[in-house]
Amino acid sequence: MKKKLLAFLSCAALLAATITGCGGSKPTETAAAPADGGTTETTAAAAPSGTSGDVKIALITMDSIDQHWVTLNEGAQKAAAELGVTVTFMSPNTKDDAQQIECVNNAVAGNYQAIIVAANGPDAISSALKEAASSGVKIVYVDSPANVDAEATFSTDNEAAGKTAGEEMIKALEAAGITSGKIGIVNVNAATDSTVKRENGFRAAFDGKDYELMETQYGEGDAAKSQTIAENYITQGVVGIFGCNEGSTTGTGNAIKASGDSGIIGVGFDKSDAIMNLIDDGYLLCTMAQNPDVMGEEGVRAAVKAIEGESLGGKVTDTGVSVIKADGGAAASAPGGAVTVSKEWKIALITMDSIDQHWVTLNEGAQKAAAELGVTVTFMSPNTKDDAQQIECVNNAVAGNYQAIIVAANGPDAISSALKEAASSGVKIVYVDSPANVDAEATFSTDNEAAGKTAGEEMIKALEAAGITSGKIGIVNVNAATDSTVKRENGFRAAFDGKDYELMETQYGEGDAAKSQTIAENYITQGVVGIFGCNEGSTTGTGNAIKASGDSGIIGVGFDKSDAIMNLIDDGYLLCTMAQNPDVMGEEGVKAAVKALEGENLGGAVQDTGVSVLTK
């Protein structure tokens, strides 16, 4: 009788939540979002240190149905379980300002100490959030902020990602010989900050092109409404359509499918099973895949820190985006899935060296996955970047009967023969950060050329803001053979095409901070206005040289993240750094290696693990 009563009460609570749009009653404890909206929470026994009593956090997204928000909630619930706090997913069933405001008010009335929110628009819920903040509630943004100060924001650089979407469409159209024509844009509404920025970036990609970008149409993120809009575009003879979010993209793909015109290029945003099926079937070219689970997880961690009294300074963190296509997207998603382990596999992790913080962090990610999966990962990297030593490490792994090697190759060719011999003996090869010219099961790395171009664009913006439109630029690279840093340099140089700056001959410091500092100091004596460091050691050396020179007018831009680099940025000796995600490379590399050892075909998938621009 007691069980029946409890079940009845739980159902009643969830029903009430559905009726009001965002529940105020405590739901059944579960880590998955209810299919019909309402609330979800995970509760652990103990509150974090520094807090008194239970920590209650409200998670309010634009709706509770889109897979993007469901995945974001899953990341939030994961962090909640780890930290021992309660996170309640109290989002409306549909995008509606009034319902989202009601959710915020319910959170305040329910004595939640923090609200993690993806705002429908920058202004609609601002008054409600201001009232919440004035009552002591901590505000953290995920995906889309409002115009109210917050502790921290975790979101995609939507404008840059939208521009990438436009560039992908242009490449596909030009490859098909189409250099003009009408382009349709299906957006959510004119107020949602994230999708408006995506559209702005998309339109910017077409500057100087002969295509006609039509007036944007709004489908409120609903797949059916978006399909109708896309079908109307198709009747007007468009050559391409861009969907700005999950529902818009699904509707666009379905419209192209229904039309039977496979020549229309559909490009979208967000990742779901429906979108991936449309890409695999050829009705969409690609989608910009965000990392909503990271937003949710990091949002909870930030909220807890703020509740404990830590000042986060309103920091904005770009959680990255990847271009997912049929030729790599579906396969690229495989390494991130569930992993079955039948035995304690032995895996060797061989990076360029064992000292740089980048490789140390990569190993930490690898060891985390190894512990979770019950396999052995041995970090057997040389102390310094040296081809002969790296070859020896590969040979030692084979001799030691390791069944898989995860490797960041010094260069594309130097260790290829050793890797071919390893593969021929049955060893599975997975690349992290930097591949060699040997087929592998999968690769997890940064799109280094694109990231290098971003670094160049950041330097140009800073120079032009200071009124400097010409001058010498120095480049400190590792060597001429390391594929990842060569691509970064190529991207950096590409950013300066058409500019009046003089890019000097590259100098190589082997990734050593001291050698790189000497190179940067020599550049400074030649009157450079900016210096680019291509990896952690190069960047540290560059920052130290600018610091020693006392010339704060020199713009230093770098790559990778370490305590030394962040201190140089905070002290004003470096403008910014391109921060990779080496822990993700390590973690996903191990998962992929185990999948390959268990007999799964990963198809040589190449997965971009993302990069963020870190400034002061």
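At what angle do helix α2 and helix α10 pack, and how far apart are their axes? In this predicted model, helix α2 (residues 67-83) packs against helix α10 (residues 292-307) at an angle of about 40 degrees, and the axes lie 6 Å apart. The two helices, α2 and α10, are therefore oblique to each other. The crossing in which α2 passes α10 is right-handed. On the α2 side, the contact includes His-68, Thr-71, Leu-72, Gly-75, Ala-76 and Lys-78; on the α10 side, the residues met include Pro-292, Asp-293, Met-295, Gly-296 and Val-300. By residue class, the contact of α2 with α10 comprises nine nonpolar, four polar and five charged residues.

Nonpolar cores were examined next. In soluble globular proteins, nonpolar side chains tend to be buried together. The largest nonpolar core of the model contains 26 residues. Within this core, the residues with the most contacts are Ile-347, Val-375, Val-377, Ile-406, Val-432, Val-590 and Val-594. Two or more residues each are given to this core by the strands β15 (346-350), β17 (404-407), β18 (428-432) and β19 (442-445) and by the helices α12 (357-373) and α20 (582-597). Val-590 contacts Ile-347, Ala-366, Ala-369, Ala-370, Leu-373, Val-375, Val-377 and Ile-406, when neighbours within four places in sequence are left aside. Another core, of 25 residues, lies apart from the largest one; Val-55, Ala-80, Ile-116 and Val-300 are among its members. Of these, Ala-80 in α2 and Val-300 in α10 also belong to the contact between the two helices.

Asp-193 is located in helix α6 (residues 193-205). This residue, Asp-193, has a relative accessible area of 18%, and because buried means under 20%, Asp-193 counts as buried. Residues touched by Asp-193, other than those up to four places away in sequence, are Asn-120, Gly-121, Pro-122, Ser-144 and Pro-145. Asp-193 and Asn-120 are 73 residues apart along the chain, yet their C-alpha atoms are separated by 7.6 Å.

Backbone geometry is considered last. Most residues other than glycine have a negative phi. Asn-111, which is not a glycine, has a positive phi of about 65 degrees. Asn-111 sits in the loop between α3 (97-109) and β4 (114-117) and is exposed, with a relative accessible area of 59%. Glu-510 also has a positive phi, near 55 degrees. The loop between β22 (507-508) and α17 (513-525) holds Glu-510, which is partly exposed at a relative accessible area of 34%.

How values were computed:
Residues are numbered from 1 along each chain as its sequence is written. This is a predicted model: local features need pLDDT of at least 70, side-chain atom pairs count only at pLDDT 80 or more; totals for chains, interfaces and linings use all residues. Side-chain values use heavy atoms; hydrogens and water are left out. Axes are lines fitted to C-alpha atoms, for helices over the stretch in contact, and angles run from 0 to 180 degrees between N-to-C directions. Helices (H or I, at least four residues) and strands (E, at least two) are DSSP runs, numbered from the N terminus. Angles under 35 degrees count as roughly parallel, over 145 as roughly antiparallel, 65 to 115 as roughly perpendicular and the rest as oblique. A crossing is left-handed if the near helix is turned anticlockwise from the far one by less than a right angle, and right-handed if clockwise. Contact means heavy atoms within 4.5 Å. Ala, Val, Leu, Ile, Met, Phe, Trp, Tyr, Cys and Pro count as nonpolar, Asp, Glu, Lys and Arg as charged, and the others, Gly among them, as polar. A nonpolar core is a set of buried Ala, Val, Leu, Ile, Met, Phe, Trp, Tyr and Cys residues joined through side-chain atoms within 4.5 Å. Buried means under 20% relative accessible area, exposed over 50%, partly exposed in between (1.4 Å probe, protein chains only).
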